[in-house]
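Subject: Structure handover

Hello,

Here is the structure I said I would pass on. Please look through it first; my notes follow below.

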Amino acid sequence: MGGGYDIELFTKTPDYDLLCSICHGVMRCPVMISCGHIFCRNCIMQWLKRQRTCPCCRTEVRGKLYVLMHKLKRKINRLDVKCPNEQNGCPAHFALVHSQEHAEYCAYGAVPCSNEGCPAEVLRKDMCDHIHNCRYWRQHCHMGCGTLLHPENRETHNCYQELKEDYAKQLYKLKQKANRMETICCQISRQLQMMNDSMETAQPAADTGETE
Ligand SMILES: [Zn+2]
Ligand SMILES: [Zn+2]
Ligand SMILES: [Zn+2]
Ligand SMILES: [Zn+2]
Ligand SMILES: [Zn+2]
């Protein structure tokens, strides 16, 4: 974490006494040194590594290096800030303390595309569109046929079509089978009929033979 917060982030120009005289930003984690001057903790720590005097009044720093300014920190945390993604179109305002929280779900934040190998950074709100049109998009067919889909075959691959063709082939085979059965049935019934007929014609012939 660097120096103070960029003044540009605040919706109202922050009071002069909230600014760090080292980084000129609004103080991040304000601390007071022995002379009574206040700075961002990181800014004054960096400074004191080089010299043990206050950057404002040149007084030598004695005793405890610094005291945390909790009340001042809370006051700064309550200040209203704009989203850092304002230039991308985010209209959100919130208390400084909620910055992190907002950054995690801001629709206008740029995030890397999750498709393997894709170097693109895309605004969260546009990610859905991007992922679908991204040329690095890969996915196995969700119908479980095992085909690896990519933008080139995604539109033409049609499991349903393939299933339909399969089904039609099977149906055709079944129909042929049914037709054959029908033919056999017809043949059998015709033969039965013929047997019947010949028995009927044989009967009276025998009768006439006996009576003659
Ligand atoms: Zn600072
Ligand atoms: Zn001082
Ligand atoms: Zn935002
Ligand atoms: Zn992508
Ligand atoms: Zn498939």
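I begin with one residue. Alanine 95 sits in strand S5, residues 93-95. Helices (H or I, at least four residues) and strands (E, at least two) are DSSP runs, numbered from the N terminus. Alanine 95 is partly exposed, because 14 other C-beta atoms lie within 10 Å. On this scale, 20 or more other C-beta atoms within 10 Å make a residue buried, 12 or fewer make it exposed, and anything in between is partly exposed, with C-beta atoms placed from the backbone. Apart from neighbours within four places in sequence, alanine 95 is in contact with Asn77, Arg78, Leu79 and Asp80; contact means that the C-beta atoms, placed from the backbone, lie within 7 Å. Between the C-alpha atoms of alanine 95 and glutamine 161 there are 55 Å, and 66 residues along the chain.

A note on the source: this is a predicted model, where local features need pLDDT of at least 70, side-chain atom pairs count only at pLDDT 80 or more, and totals for chains, interfaces and linings use all residues. Residues are numbered from 1 along each chain as its sequence is written, while chains are lettered from A and ligands numbered from 1 in the order in which they are written.

Now the whole protein. There are 5 helices and 9 strands. The radius of gyration is 44 Å, well over the 17 Å that the globule rule gives for 212 residues, so the protein is more spread out than a compact globule. That radius is taken over C-alpha atoms, and the rule is 2.2 Å times the number of residues to the power 0.38. The C-alpha atoms fill a box of roughly 155 × 35 × 30 Å along the principal axes. Of the 212 residues, 10% are buried.

Next, a sheet. Three strands form an open sheet in the order S2-S1-S3, with antiparallel pairing; strands pair if DSSP finds at least two bridges between them. Strands S2 (38-40) and S3 (67-68) are at the edges with a single partner strand each, so one side of each has no neighbour in the sheet. S1 (residues 30-32) and S2 pair over 3 bridges, and valine 31 stands opposite phenylalanine 39 in S2.

Finally, the UniProt record (unreviewed entry) places "domain: TRAF-type" at residues 102-145. Such annotations may be inferred rather than shown by experiment; feature names are shortened and positions follow the numbering used here. Over residues 102-145 the chain is 25% helix and 18% strand, with the end C-alpha atoms 42 Å apart.

Regards

Conventions. Contact = placed C-beta atoms within 7 Å.
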